[in-house]
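Please read them with the coordinates open.

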Amino acid sequence: MDLINQRDSVGFKRYFSEIDPLHVYDIDEGIVPNAKTAAAIADAVLNPLLGDDIDKEKPFDVVLENGNVWHISGTLPNNSFGGVAEIWIQKSDGKVLCLYHSK
């Protein structure tokens with residue numbers, strides 16, 4: 001019996017309860033349930049990388065894509081040129097999927 005079949009035999013919830021004691025995967029709205037939380041995580045991840053420069057890109061533009069990934073990007077002041085930080089965060093568990101800064 002392969003691993004996938006073994007998982008099926010114990011049931012989805014039981015399988016995750018063995019590796020997920022806090023039941024993260026049982027939370028319907030996910031660990032990152034709203035735009036405010038997504039922006040706070042983005043700020044926490046980007047601040048050590050960009051320092052105070054990240055404050056110049058606020059407020060963040062936050063969009064939930066396909067119902068499961070938050071896309072957070074910085075904004076530029078009017079009449080300014082340059083790039084912004086962008087980060088994609090998985091709604092279900094808060095995993096950072098991608099992050100970069102355009103120029």
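1. Tyr100 counts as partly exposed in this predicted model, at 39% relative accessibility, where buried means under 20% relative accessible area, exposed over 50% and partly exposed in between, computed with a 1.4 Å probe and protein chains only. Trp88, by contrast, is buried, with a relative accessible area of 18%.

2. On conventions, residues are numbered from 1 along each chain as its sequence is written, and side-chain values use heavy atoms, with hydrogens and water left out. Because the model is predicted, local features need pLDDT of at least 70 and side-chain atom pairs count only at pLDDT 80 or more, while totals for chains, interfaces and linings use all residues.

3. The structure holds one aromatic pair. Trp88 and Tyr100 form this pair, which is stacked, with 5.8 Å centre to centre and 25 degrees between the planes; rings of Phe, Tyr and Trp (its six-membered ring) pair if their centres lie within 6.5 Å, and planes under 30 degrees apart count as stacked, over 60 as edge-to-face and the rest as tilted. Trp88 lies in strand β3 and Tyr100 in strand β4, so the pair ties together parts that are 12 residues apart in sequence.

4. The protein has three helices and four strands, where helices (H or I, at least four residues) and strands (E, at least two) are DSSP runs numbered from the N terminus. Along the sequence they follow the pattern α-α-α-β-β-β-β.

5. The largest nonpolar core has 12 residues in all, among them Val32, Phe60, Trp70 and Ile87; such a core is a set of buried Ala, Val, Leu, Ile, Met, Phe, Trp, Tyr and Cys residues joined through side-chain atoms within 4.5 Å. Two or more residues each come from α3 (35-50), β2 (69-73) and β3 (85-90), and α3 gives the most, with four residues.

6. Ile87 touches Ala42, Val45, Leu46, Trp70, His71, Ile72, Val96, Cys98 and Leu99, not counting residues up to four places away in sequence, a contact being heavy atoms within 4.5 Å.

7. Leu99 lies in strand β4 (residues 96-101) and is partly exposed, with a relative accessible area of 36%.

8. Over the whole protein, buried residues make up 25% of the 103 residues. Among contacts between residues at least 6 apart in sequence, 34% join residues at least 24 apart.
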